[in-house]
Amino acid sequence: GRRSLILLSFFQLFALRFNTSFRLISRRNRIERLGQNAHDRGYSDDLSYEPKLVCTAVKNSIRKSSENIISFSLAAFLFVDPARAVVLSPKAVPITRPLVYSIEWTDPPCLQPRTKIGEVGVLKRFGQTNIVILGGHKDSKVDENLQFDIISRLYNELKGSKKKLAIGLSWLPCTNINKASLNEYTQGSQKQTNADEEFNKLLELLQFGNEINSEGLQLFKPIIQLARSLQLPLVPLGPDPSVIKIVRTIGFDGLSDEERSRNIPDPQGYVDIVKQPAFQRYTKEVIFGPLSADDPNVVSSSVSEADKAESLFRDRIFRDEVVASNAARYIAAFNSNKDKGSEGVCLVVLASVRDVVFGYGLPERAKRNLDFFSSTVVNSDNVKSGSKGDQVLSVLLNPVTADSLALDGIVQLRLALAYGSNQENERPLSDFLWFSSSPSVKLLTRPKNPISREGDKPAGESSILKAF
């Protein structure tokens, strides 16, 4: 407060006196040398008056500057409120960093920030994508608000275009009852109806699994009511609770042929993905890692560790495959039956952090299933027609260090599970990171300068200073 300002003022006064005294001595010595040289060469002009004039001018300058600094110090001591003095400090000026970052798949990966204008370009890119997966934290109101904001802005971006928007619920079982209930809710008449009453009626009709119940769905109430007000389709994507119970206890072989084909349309791809070396690393660090510690589908602790691990593995890969295949099936069905001139649909999937991180959960499986349906469905040219660029994009909301499975003692986000020669088959932490508020600089890993348009190169590729 006041003490700091006074100390700063006297430090400035000391620095000024030292600097001017040094300049005065240097000036006098130079003039005296000039006078001596002139005398030696026979000039009779008296140059001794100039040092005196210089001394007088410099002394006046010092006196005036000293008076100003002392006056400022007294004003600070007598009149300045300490709270206002803190505001004047450069350290108190808030630093606003970008909120949206893409992960550039370089070696090693880095972060490419977007400016506020650049966020609009990201939303346009989302609108040209078949499936956008928003990975949020469990029971986080902040993340739900961010999901609401992204969906609202994306709707406004697509308004007036020939591209439709739908919302996928990864944690709600894809049963006929749920599909019919959600369709009736979003497409029903809204004249003279109470929004809360209609939402409560919906809760009474829905079937829930282990991942969420009617109480947990309250967190997503604003998004569900937004879908109703805008008449956006709500699409349940999760597996049937009765089916997942069989898979968890017996395995995939315990399902009937009809249940297999309905839940796993691409069985060969389902088997092949787990054989990849990169997936084995993903299994160790993500499926069996700390992100699964609070998984509601983990079996009883009375079961042996080996059986528990096998059950968790079967549950996780089956659940991810079902959600991804249901999302791809919805895209395929919509685009196969779309009206002439329609640009398809963008499905925004509400998912968890664990579903998104390092790609081999929902994102990679959704891409493969889109390819599968495009090669098998009638009018397959239309299946992916809604995607002018990306088929699937993943977005991690408000990530923290623990989400990236960073090693102990590391504060920055871990952008890949492996680097160097092993990075080729890995997947990034996510395609995008989106924060609700300015993130800590300690969290950001190798950030570049921000860009304002997709495809632009950041100014000064070798420097990150302008980003902050």
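What volume does the largest pocket have?

1. The largest pocket has a volume of about 790 Å³. A pocket here is an open set of points on a 1 Å grid over the protein atoms alone, where a 1.4 Å probe fits, with protein on both sides within 12 Å along at least five of seven lines. Grid points are joined across faces, edges and corners, and the volume is the space filled by probe spheres set on the points.

2. This is a predicted model: local features need pLDDT of at least 70 and side-chain atom pairs count only at pLDDT 80 or more, while totals for chains, interfaces and linings use all residues. Residues are numbered from 1 along each chain as its sequence is written, and side-chain values use heavy atoms, with hydrogens and water left out.

3. The lining of the largest pocket (residues with an atom within 4 Å of a point) consists of 34 residues, and Gly136, His137, Lys138, Asp139 and Ser352 lie nearest the centre. α14 (305–336) is among the elements that supply at least two residues, and its four residues are the largest share. Helices (H or I, at least four residues) and strands (E, at least two) are DSSP runs numbered from the N terminus.

4. By class, this lining has twelve nonpolar, nine polar and 13 charged residues. Ala, Val, Leu, Ile, Met, Phe, Trp, Tyr, Cys and Pro count as nonpolar, Asp, Glu, Lys and Arg as charged, and the others, Gly among them, as polar.

5. The second largest pocket holds about 390 Å³ of space. Of its 25 lining residues, Ser102, Ile103, Glu104, Arg114 and Arg125 lie nearest the centre. Two or more residues each come from β1 (100–104), β2 (110–114) and β7 (392–397), and β1 gives the most, with three. The lining divides into eight nonpolar, four polar and 13 charged residues.

6. Leaving out residues up to four places away in sequence, Leu433 touches Ile103 and Leu396, among others (contact: heavy atoms within 4.5 Å).

7. The chain has 16 helices and eight strands. Of its 468 residues, 44% count as buried, that is, under 20% relative accessible area with a 1.4 Å probe, protein chains only.

Terms used. Buried < 20%, exposed > 50% of the residue type's maximum accessible area, 1.4 Å probe, protein only.
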